[in-house]
Protein chains: 4
Amino acid sequence: MRLLFLGDVVGRSGRSAVTRLLPGLRQAWALDCVIINGENAAGGFGLTEAICDDLLGAGADVVTLGNHSFDQREALVFIERQPRLLRPVNFPPGTPGRGVTMVETTTGARVLVANVMGRLYMDALDDPFAAMERVVGECPLGLGADAIVVDVHAEATSEKQAMGHFLDGRVSIVVGTHTHVPTADARIMPGGTAYQSDAGMCGDYQSILGMQHEEAVRRFVEKTPGARLEPATGEGTITGLAVETDDRTGLAVKVSAVSIGPNLAENRPAFWE
Amino acid sequence: MRLLFLGDVVGRSGRSAVTRLLPGLRQAWALDCVIINGENAAGGFGLTEAICDDLLGAGADVVTLGNHSFDQREALVFIERQPRLLRPVNFPPGTPGRGVTMVETTTGARVLVANVMGRLYMDALDDPFAAMERVVGECPLGLGADAIVVDVHAEATSEKQAMGHFLDGRVSIVVGTHTHVPTADARIMPGGTAYQSDAGMCGDYQSILGMQHEEAVRRFVEKTPGARLEPATGEGTITGLAVETDDRTGLAVKVSAVSIGPNLAENRPAFWE
Amino acid sequence: MRLLFLGDVVGRSGRSAVTRLLPGLRQAWALDCVIINGENAAGGFGLTEAICDDLLGAGADVVTLGNHSFDQREALVFIERQPRLLRPVNFPPGTPGRGVTMVETTTGARVLVANVMGRLYMDALDDPFAAMERVVGECPLGLGADAIVVDVHAEATSEKQAMGHFLDGRVSIVVGTHTHVPTADARIMPGGTAYQSDAGMCGDYQSILGMQHEEAVRRFVEKTPGARLEPATGEGTITGLAVETDDRTGLAVKVSAVSIGPNLAENRPAFWE
Amino acid sequence: MRLLFLGDVVGRSGRSAVTRLLPGLRQAWALDCVIINGENAAGGFGLTEAICDDLLGAGADVVTLGNHSFDQREALVFIERQPRLLRPVNFPPGTPGRGVTMVETTTGARVLVANVMGRLYMDALDDPFAAMERVVGECPLGLGADAIVVDVHAEATSEKQAMGHFLDGRVSIVVGTHTHVPTADARIMPGGTAYQSDAGMCGDYQSILGMQHEEAVRRFVEKTPGARLEPATGEGTITGLAVETDDRTGLAVKVSAVSIGPNLAENRPAFWE
Ligand SMILES: [Fe+2]
Ligand SMILES: [Fe+2]
Ligand SMILES: [Fe+2]
Ligand SMILES: [Fe+2]
Ligand SMILES: [Fe+2]
Ligand SMILES: [Fe+2]
Ligand SMILES: [Fe+2]
Ligand SMILES: [Fe+2]
């Protein structure tokens, strides 16, 4: 199966890059399933229902979130009626929405997607490792699902790598989000799980995390309130991870980082081109 | 000028990879100056004088440090007699050692190297932006130095990108360290400064931050004391940043991420091969 | 019922003050139940079985812990055979020991004691509010227990006050520990729960958190490794909370901070003297 | 000299308590100098010029601030024309306002007041210990000033105690603010400096940090956005520290915590009544 994961969409630059590029890629690469982190799609803070629909309409099967899940209040409502939108599974019980969903591809394959949030240097949620143990326990790879994709939204590389090792051989992909910078460590782990510490972002990289750099730099230098942080408006780049799995085992057989657009070195999965 | 920066060396695997590969690269790529972050070279925690000498002997001109600078107590002493070893410049006044040094290359060019530590999610030091403002104020690129290389040892991508924008056009390279994972964002910024959020590490990537993954995972899952963290012992990979600067301006004209060794996709500067 | 809670015992000074003063107080005040936080009793870091026995022998019915629970490795073992020693209830499932215990007083009353840890500015454990909801759900005050005492081991006053409001009317006492400084806010909340943000410590207050101040100050000023932190050795003071509950409801009817020893203003419960 | 320090004023309840009680206390206790922390006076977030004037008009000689200094943007402007309003001295150079001021009492005595912010669990500012070293170096007690009062706005008791030891014998008072809970450790340190870890707040204590408890508790239990935090509106209590200094040395000779109002046990300096 052919899976594509794209990192945090930031503002209009990110959305435009996704809607412009994804339909073509979906066809050209014959993708079976596409997952996109959308937590910064609405002006850098959360996402609206209209934007969620845009991302799904552009070719995403599932949209994941993170610490910005509910920055737009309407997400507390529409997430309940959108089964393809996930917030981290380790939010407290009773939180609107869900953290795991099953996608059926056009060929009838079942892809389980989970979104989980780390705790190091982040607001404390429930144990992400215990949460994922339950997820894969209830729906083991090969039995309950033909592929399992895990978006681990976390700050620290140590915690993301730990999740990779923890789930190695039990899921198809462990990919990090949240830092908005793609890491150059896409690989298949010994157990067969594709891993990348961070998928990066879909947005304008001539920025700080996709936001205009002037005010963001000023906040590090001065400690006074200033202007609102606004998304940078240059042409967006999309980054993420391309993975081909073995249809029989659900484990990864090919992996490549993806980067298309200005500012970063281009990267395309040679095995699909 | 041809500059190579390598990320945090972790344990024996990292040291072996550096001492095995660097001499050949220095010659093959005709490098003018090599900087290596060595804060984890001694069993993952700090470095000893013997290890510092090994790294310098293998072809490093300068060794930089970070939050682990003084994990080995002897570093408090020998750093005073080793002008090519840097600890972050924004340690409090009176801290042993220095945070900035000038290297003269074999061709007589002057390379200023600075090491500075971020504060987000880290133990608080003095303002890294104010510190770097002073450094480049006292020794401007093109006047005081033919190239300036800044190792910004920090956790958060936002703070490292902010330092990149803050110094863009005023230094040759801003490269991050500390996360032990190379980022895929090596680029030349609009002002001419080469930038990469993190150089990654020199060490065994089948690990967590270069340390054996079993105990590191266990610490996330259980909250009880366990075994010591020990470096992973598989073959090391070296990662970092290759930059060619304009001899006249000191600004970057070519940039490439570098990754040589198992586990990660190989990456060599095409412009030097 | 007459209940006494004493804050974190630190080192020999703290232990000596407890063993010297508690037997007399237990008798003079006709105490029904005494709970002591012992997480720093062994040289400032954790506690040993011998020290735990000393505290119980001096008149404690229950010893609670916190983030230092397992600093002494032997605690991982002996906590399993000591039902009167508690570690925070929101440690991950599978952690040795327990977070809740039931004490039967000499008059046959049942006192439920729970230890729970906050998450703000602390290593992330499971949700302390959800954990306490379960505890009081399974053993409601007045039905399952004649009194309920909760030691909330936390850094932030906001989180401790939130626990107080969350449990107000459902437990007899919510008392904080961990900051090693007694707060002057002992009171009965509107629902009938006795509350104090922090019980303070049993130890030498001419110190920093009970440890010798010279090295502790140096660590704030210099950022280099130094000597071990050792407990201060002056005469210890004991501080905590005295509460009288209504035997029928289990709610608090009288409350007073307690402070006996040098350095701090003396405070004794007038209603028992 | 007779000095009174009052903790963080929170909202209308806090302001009303101060304006109602302070004029009478100033007269009854024959106070020479009054300092109030006002960082939460405007609806819990910062202060306006009108509110600052109200506090000064009620009898404060100096108003100090903290991490909420500039929550009300107008403070960036009016702080420049109000020499009796202080923000932490270790804000970056160039920050509007000042961190130190000299007050001349009606009897002609000079009181130096400084405001400094800690760094543990707080946004990183410059080194508070180095900053205070400069302050007392430039204006030593007994030479440059007849009394020196230091408001150390910090989260961790360790950092506040460290500042107490660091300045012991060199200033008249080191008093903490920020946690909004008064501590019961008012005392004179061996060197003669009056010390209290936290002055508490002036506000409605039937609250969480002076804000309405319902929403504040909800934020700990649920992790979704909710209502604005609003100040609690019950009758306010004022808390702080009363200190009498030796006119010759400037060191403390008498010290007492102060608490007047509902919810907390009343505390008045017996030596002035
Ligand atoms: Fe994001
Ligand atoms: Fe995020
Ligand atoms: Fe490192
Ligand atoms: Fe580091
Ligand atoms: Fe403690
Ligand atoms: Fe503790
Ligand atoms: Fe405050
Ligand atoms: Fe504050």
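**Reading the model, one term at a time**

Trainee: What covers the buried residues of helix 5 of chain C?

Mentor: The cover includes strand 6 (110-117), helix 4 (128-138), strand 7 (147-153), strand 8 (173-177) and strand 10 (194-196) of chain C, together with helix 6 (213-221) of chain D. Bear in mind that this is a predicted model, where local features need pLDDT of at least 70, side-chain atom pairs count only at pLDDT 80 or more, and totals for chains, interfaces and linings use all residues. Residues are numbered from 1 along each chain as its sequence is written, chains are lettered from A and ligands numbered from 1 in the order written, and side-chain values use heavy atoms, with hydrogens and water left out.

Trainee: What makes helix 5 of chain C "mostly covered"?

Mentor: Eleven of its eleven residues (157-167) are buried. Buried means under 20% relative accessible area, exposed over 50%, and partly exposed in between (1.4 Å probe, protein chains only). Helices (H or I, at least four residues) and strands (E, at least two) are DSSP runs, numbered from the N terminus. Among the buried ones are C:Lys160, C:Met163 and C:Phe166.

Trainee: Which ligands does B:Glu39 bridge?

Mentor: B:Glu39 bridges the iron ion (ligand 4) and the iron ion (ligand 3), which lie 3.4 Å apart. B:Glu39 is at 1% relative accessibility, so B:Glu39 counts as buried.

Trainee: Which residues are the protein donors of the iron ion (ligand 4)?

Mentor: They are B:Glu39 (OE), B:Asn67 (OD1), B:His153 (NE2) and B:His178 (ND1), lying 2.1 to 2.2 Å from the iron ion (ligand 4). Donors are N, O and S atoms within 2.8 Å of the metal (3.2 Å for Na, K and Ca); water is not among the atoms, so sites may look incomplete.

Trainee: Why is the arrangement around the iron ion (ligand 4) called irregular?

Mentor: Four donors count as tetrahedral if all angles lie between 85 and 135 degrees; four count as square planar and six as octahedral if opposite donors are over 155 degrees apart and all others between 65 and 115; anything else is irregular. The four donor atoms here subtend angles of 84 to 148°, which makes the arrangement irregular.

Trainee: And what makes the arrangement around the iron ion (ligand 2) irregular?

Mentor: Those angles run from 84 to 149°, so the label is irregular there too. The donors are A:Glu39 (OE), A:Asn67 (OD1), A:His153 (NE2) and A:His178 (ND1), 2.1 Å from the iron ion (ligand 2).

Trainee: Is A:His178 buried or exposed?

Mentor: A:His178 has a relative accessible area of 15%, so it is buried. A:Asn67, with 33%, is partly exposed.

Trainee: Which residue does UniProt list for "active site"?

Mentor: The unreviewed UniProt entry lists A:His68. UniProt positions are given in the numbering used here, feature names are shortened, and annotations may be inferred rather than shown by experiment. Leaving aside neighbours within four places in sequence, A:His68 is in contact (heavy atoms within 4.5 Å) with A:Glu39, A:Asn40, A:Phe45 and A:Gly46.

Trainee: Why are strand 5 and strand 9 of chain C called edge strands?

Mentor: The open sheet has the order 5-6-7-8-10-9 in chain C, with mixed pairing. Strand 5 (100-104) and strand 9 (187-188) each pair on one side only. Two strands pair if DSSP finds at least two bridges between them; strand 5 and strand 6 of chain C have five, in the antiparallel sense.
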